[in-house]
Amino acid sequence: MQNGSRWCFALFLLGISIDALQAEPNPNITIGVFGQEIAHDLSAAGMPEGPLTTLWLDENGQLWLGGAVGVGCWRDGAWQPVAGLPAAPVRAIQGRPGTVFIAYAHEIWQVQPSGASPRVQGFAGTIHALAVTESALYASTSLGVFSEREGHLELDTALQALMGDGNLPLTIACGHQGELAVGGEMGLFTQSPGGAWQAHDPASADGKSWAVRQVCGVGYDSAGNLWFCSAQGVGVRSSEWRLYAGPDGLPYAEFTSLTVAPDDTVWFATRLGAIHFDGQEWAYRQGRRWLPHDAVAAIAVNARGDAWFATAGGLGQIERRPMTLAEKAAFYEDEMERYIKRTAFGYVSEVALAKPGDKSTVVQSDSDNDGLWTSMYGAGECFAYAATKDPQAKRRAQQAFEALRFLSVAPAQGEVEQQPGFVARTVVPTTEPDPNLRESYTVEGMKRRRQHEDGQWKVYFPRWPKTQDGAYWYKTDTSSDELDGHYFFYPI
């Protein structure tokens with residue numbers, strides 16, 4: 001871009017900014033306090049080896065965890081084994097006030113204030129899931145659905161006849177109105193309070209109709225609405241069925257379980273992360289940003305909205321902390337000052353962590369977009385000052401301006417003669433290793449890149465000339481998007 005064209009472009013952007021300032025102001029928007037989600041990886045806090053397979057939050061807010069080596073409780077920030085229970089893989093945990101039930105492959109134990117004791121032993125099949133009411137205990141197993149009577153499991157023959165042979169039940173839940181729901185490999189079934197069983201092929205008003213398969217999660221909200229998740233997607237039955245699939249915003253559909261939270265929102269555990277649905281919006285939580293491991297087996301949620309995740313990599317939590325936008329901004333401003341800003345000018349650069357999740361191992365380095373990112377940061381601080389008159393925002397905006405101004409000053413009368421007005425991409429102090437010695441910027445390295453990666457790549461040396469005072473190397477191959485950042489920031 002020629003100098004004349006460059007200045008015309010800058011004046012054009014300045015004109016846009018002046019027009020915007022003269023426009024009618026938008027009305028103020030008040031956000032107030034909201035629930036900020038904050039992820040915690042709790043997998044290293046004394047956890048035994050192996051995946052977590054289930055968890056349960058009791059009426060006192062105590063979190064019970066089941067995994068490959070038995071049952072523990074999460075107390076005072078650490079796993080504490082529960083005494084008196086088998087050190088064997090746990091299949092399910094459920095409870096009611098005063099009693100927690102733990103299912104192993106072939107037996108069910110109970111934990112009460114007096115201690116742990118066996119409830120059901122020697123079951124021939126494999127127990128998959130439990131459901132509990134104030135007076136009843138149900139088990140979904142490889143042999144069908146059973147209810148517990150005096151220490152023995154009794155098969156529900158009516159459901160078995162309806163499901164048919166080979167239709168393995170996978171999950172079970174009790175509703176507040178006395179209804180029982182069972183999800184199986186080949187369908188969804190409910191039992192009315194009167195005892196009659198019904199199979200469901202849900203159809204919604206918008207034309208969806210499913211012969212549901214692999215129903216691995218069922219649950220009821222406080223209004224008695226039945227939720228399920230299956231290979232086809234997510235469904236809810238209120239006065240009629242409502243079905244959700246990918247086109248409706250559902251992010252992923254390889255489910256492992258579901259949990260209805262106390263606020264009647266729903267969490268779905270999947271083989272690749274967790275999904276939250278509030279009836280309107282889907283939120284997908286996947287990767288180390290949110291979870292210790294993507295394979296999520298079960299989820300528990302408290303009344304505040306904090307969620308815990310049993311994963312193949314241990315225990316995770318997404319805390320829902322009351323926060324204002326000002327408090328959130330203050331947190332990130334502190335992060336920027338402590339970890340992100342680079343050199344005495346405070347360039348906003350990309351950083352890496354030598355150890356994932358450990359900010360004490362932050363590694364700073366120059367970025368090809370230092371000018372652009374610093375421009376965007378500086379513009380944000382201008383907007384912050386306009387809205388709040390915070391002197392700290394003004395100071396940060398002025399620092400960003402000086403950092404960007406130096407990118408114009410650095411090439412002047414330096415080691416290599418540049419065109420007047422040339423803007424450097426970024427700078428590196430000469431107290432650091434010479435960037436010209438990096439493999440990408442040696443003459444040989446640039447030739448290889450041109451030959452094998454980019455035929456238009458320019459080969460010239462030094463890529464990083466020194467400033468006049470010898471205090472900095474500045475990078476020369478500035479791109480148009482870097483200049484866009486400068487032109488956006490200056491008039492603001």
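**Entry 1: the cavity**

I started with the classes of residue around the largest cavity: its lining has 6 nonpolar, 3 polar and 1 charged residues. The model I am reading is a predicted one.

Which residues line the largest cavity? I listed Pro48, Glu49, Gly50, Pro51 and Leu52, then Gly67, Ala68, Val69, Gly70 and Trp79. I then looked up the space inside, and the largest cavity holds about 40 Å³. How many cavities of 30 Å³ or more does the structure hold? I noted 1.

I also wrote down the idea behind such a search. A probe the size of a water molecule is rolled over the atoms, and this shows where empty space is left.

Next I turned to the second largest pocket, which has a volume of about 1,000 Å³. Its lining counts 27 residues, and the closest to its centre are Ala39, Arg289, Phe331, Gly357 and Lys359. I checked which elements give two or more residues to this lining: they are β1 (34-41), β28 (314-323), α3 (325-340) and β31 (351-353).

Which element gives the most to the lining of the second largest pocket? I found α3, with 7 residues. I sorted the lining of this pocket by class as well, and got 16 nonpolar, 3 polar and 8 charged residues.

Then I looked at one pair. Strand β12 (residues 144-149) is joined to β13 by 4 bridges, and the two run antiparallel. What stands opposite Ser147? I found Glu154, in β13.

**Entry 2: one glutamate**

Last, I picked Glu381, which sits in helix α4 (residues 370-388). Is Glu381 buried or exposed? I read a relative accessibility of 3%. Buried means under 20%. Glu381 therefore counts as buried.

Which residues does Glu381 touch, leaving aside its neighbours within four places in sequence? I noted contacts with Glu333, Ala393, Arg396 and Ala397.

Note on methods
Residues numbered from 1 in each chain as written. Predicted model: local features only at pLDDT ≥ 70, side-chain atom pairs only at ≥ 80, totals over all residues. Heavy atoms only, no water. Buried < 20%, exposed > 50% of the residue type's maximum accessible area, 1.4 Å probe, protein only. Contact = heavy atoms within 4.5 Å. 1 Å grid on protein atoms, 1.4 Å probe; cavity = no way out; pocket = protein on both sides within 12 Å on 5 of 7 lines; lining within 4 Å. Points joined across faces, edges and corners; volume = space filled by probe spheres on them. Nonpolar A, V, L, I, M, F, W, Y, C, P; charged D, E, K, R; others polar. Pairing = 2+ DSSP bridges.
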